Amino acid sequence: MSLSPAPLIDARQFRIWDPRAWLTCAPGEVPTLLWVIGLHVALVVGLILLPLPPVSAMIAAVVLLFLGGLGTTVAYHRALAHRAVTLNPVIEQILIFFALCNGSGSPRNWVTMHRFHHQQSDKPDDISSPHYGGFWWSHLRWLWQAEQPDKDRLVKDMTAFRYRIWTTIQVPMLGLAVGAGAVYFLFVPWQEALAAMLWIGPVRLVWALHTQCTVNSICHLGAIADHGGSSRNVGWLTIAHMGQGENWHANHHRAPANPRIGQGLQLDLGWWSIRALGVMGLAKLKNSKATKVADDQGQGAEAEQPLEAETISQR
Ligand SMILES: [Zn+2]
Ligand SMILES: [Zn+2]
């Protein structure tokens, strides 16, 4: 019998970081793994058999990528997770629709994971940290291998029907995201229609998936510092993120309540979209409440005032 003391490791830390095989799933996460595998298999097989879609399908894929990216960064991230901006309810719902079409999941789930990330950044409980799990854990594996934090605690401000309904219809929405290109069967020969489906479905969704995952992986490979943690700005990811601003991640961790992520000359089309919506009376900044909500969620010192106290038009 060993007399050595028990390892100083709490149960949660052990559960998250205990080594496991790639295909091991956290409870309830098998569909997530199958979704990720299915998309990649369809991508590889499809690109071999159907590499050339109609030009209009490529354009549609890019437009959907852009709208879905805006849905995630403007609605999910800046408006819902950090309450940095209040969107017109109709605009908010439209952006949520495109975010789901981009494979970002339901708004309640996305916001839960994101608030948890800010609470636990670079601590052992940060379930997407490359510093504890390695690059591939932070990029993909945590999606199906990490246990979900408590939704009810982290999204108390998102109990309204207009948010819950998206969780209910998440699966048919994913079906729509994969199969939307089927409309091409009405207009072009079946080979072209299949290629259009491939590019509007799996090719676009795999691109969107990996782009979003770079925020947790590549944008968190910096040295762990007191302020902003391991987050870093990664300029070359501007192209993958279509200039929408999420790649300026160190800025964001320094001031999560700031609706403007890219500073100075750093391209941030998410911010400029908010400004455009503000000019039309469809968005307004909500800094004081943003700070309060962030404090309520336990983000503490990270919930600072914006770096730039810009104001957009008020409704
Ligand atoms: Zn982060
Ligand atoms: Zn954030």
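Which residues is Ala61 in contact with, leaving aside its neighbours within four places in sequence? I looked this up first. Ala61 touches Trp199, Ile200, Val203 and Arg204. I note that the model is predicted.

**Entry: cores**

I then asked where Ala61 belongs. The largest nonpolar core has 53 residues. Ala61 is listed among those with the most contacts inside this core, together with Ala57, Ala75, Ala196, Trp199 and Ile200. Helix H3, residues 55-81, gives the most to the core, with 12 residues.

**Entry: overall make-up**

I checked the secondary structure next. The protein chain has 14 helices and 2 strands. Of its 315 residues, 44% are buried.

**Entry: H5 against H9**

How do helices H5 and H9 lie relative to each other? I looked at the axes of H5 (residues 107-120) and H9 (residues 161-168), which come within 7 Å and cross at roughly 100°. That angle falls between 65 and 115 degrees, so H5 and H9 are roughly perpendicular. On the H5 side, the contact is made by Pro107, Arg108 and Asn109. H9 brings Tyr163, Arg164, Trp166 and Thr167. I sorted the residues of this contact by class: 3 are nonpolar, 2 polar and 2 charged.

**Entry: Lys284**

I found Lys284 in strand E2, residues 283-285. Is Lys284 buried, partly exposed or exposed? I get 17 other C-beta atoms within 10 Å of Lys284, so this residue is partly exposed. A buried residue would need 20 or more. Lys284 and Ala79 are 205 residues apart along the chain, and their C-alpha atoms are separated by 9.8 Å.

**Entry: confidence**

The chain mean is 85, and 84% of the residues reach 70 or more. Among the elements, helix H4 (residues 89-101) has the highest mean, 98. Helix H14 (residues 287-296) has the lowest, 44. I marked two stretches where pLDDT stays under 50. One is residues 1-14, for which the model has 3 contacts beyond four places in sequence. The other is residues 288-315, for which the model has 57 such contacts.

Conventions
Residues are numbered from 1 along each chain as its sequence is written. Chains are lettered from A and ligands numbered from 1 in the order in which they are written. This is a predicted model: local features need pLDDT of at least 70, side-chain atom pairs count only at pLDDT 80 or more; totals for chains, interfaces and linings use all residues. pLDDT is the predictor's confidence in each residue, from 0 to 100. Helices (H or I, at least four residues) and strands (E, at least two) are DSSP runs, numbered from the N terminus. Two residues are in contact if their C-beta atoms, placed from the backbone, lie within 7 Å. A residue is buried if 20 or more other C-beta atoms lie within 10 Å of its own, exposed if 12 or fewer, and partly exposed in between; C-beta atoms are placed from the backbone. Axes are lines fitted to C-alpha atoms, for helices over the stretch in contact, and angles run from 0 to 180 degrees between N-to-C directions. Angles under 35 degrees count as roughly parallel, over 145 as roughly antiparallel, 65 to 115 as roughly perpendicular and the rest as oblique. Ala, Val, Leu, Ile, Met, Phe, Trp, Tyr, Cys and Pro count as nonpolar, Asp, Glu, Lys and Arg as charged, and the others, Gly among them, as polar. A nonpolar core is a set of buried Ala, Val, Leu, Ile, Met, Phe, Trp, Tyr and Cys residues joined through C-beta atoms within 7 Å.
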